[in-house]
Amino acid sequence: MLVPYNPDDPATKLLQMFGFIRNGHGALQIANRIFETKSKGTEVVSDTQSVIIHS
């Protein structure tokens with residue numbers, strides 16, 4: 001599932017500030033392999049207000 005990248009979203013700003021995500025051609029993308037491996041089996045849910053990562 002692709003989650004659109006919204007640079008004005010506070011959750012997106014926070015996750016990007018700590019290096020968890022990046023803008024991958026207009027969609028949120030896990031920033032590196034370590035985080036990607038740790039997030040296997042998680043679901044990312046987004047609305048216009050926030051991004052929530054469920055385990």
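**Entry 1: a residue on the outside**

I started with Phe18, which counts as exposed because its relative accessibility is 53%. My cut-offs are these: buried means under 20% relative accessible area, exposed means over 50%, and partly exposed lies in between (1.4 Å probe, protein chains only). I found Phe18 in the loop between H1 and strand S1 (21-24). Helices (H or I, at least four residues) and strands (E, at least two) are DSSP runs, numbered from the N terminus.

**Entry 2: what I am looking at**

I noted that this is a predicted model, where local features need pLDDT of at least 70, side-chain atom pairs count only at pLDDT 80 or more, and totals for chains, interfaces and linings use all residues. Residues are numbered from 1 along each chain as its sequence is written, and side-chain values use heavy atoms, with hydrogens and water left out.

I looked up pLDDT, the predictor's confidence in each residue, from 0 to 100. The protein chain averages 74, and 62% of the residues score at least 70. Which element has the highest mean pLDDT, and which the lowest? Helix H1 (residues 10-17) has the highest, 91, and strand S3 (residues 43-46) the lowest, 50. Over residues 45-50 pLDDT stays under 50, and there the model has 13 contacts beyond four places in sequence; a contact means heavy atoms within 4.5 Å. I remind myself that where pLDDT is low, the predicted coordinates should not be read in detail.

**Entry 3: the whole chain**

I read two helices and four strands in the protein chain, in the order α-β-β-α-β-β along the sequence. Of its 55 residues, 24% are buried. The chain exposes about 4,300 Å², and carbon and sulfur atoms supply 57% of that area. Accessible areas come from the Shrake-Rupley method with a 1.4 Å probe; for residues, only the protein chains shown count as cover.

**Entry 4: helix H1**

Which residues of H1 are buried? I listed Ala11, Thr12 and Leu15. Seen down the axis of H1, these buried residues fall within an arc of 100 degrees, so they line one face of the helix. That arc is taken from the directions from the helix axis to the C-beta atoms. An α-helix has 3.6 residues a turn, so residues three or four places apart point the same way. On the other side of H1, Pro10 and Met17 are exposed. Gly19 follows H1 and has a positive phi, near 85 degrees.

His25 is exposed, with a relative accessible area of 87%. Its phi is near 60 degrees, a positive value in a residue other than glycine. For comparison, most residues other than glycine have a negative phi.

Gly26 is placed in the loop between S1 and S2 too. Is Gly26 buried or partly exposed? With a relative accessible area of 42%, Gly26 is partly exposed. Leaving out residues up to four places away in sequence, I saw that Gly26 touches Val3, Pro4 and Tyr5. Gly26 and Val3 are 23 residues apart along the chain, and their C-alpha atoms are separated by 8.6 Å.
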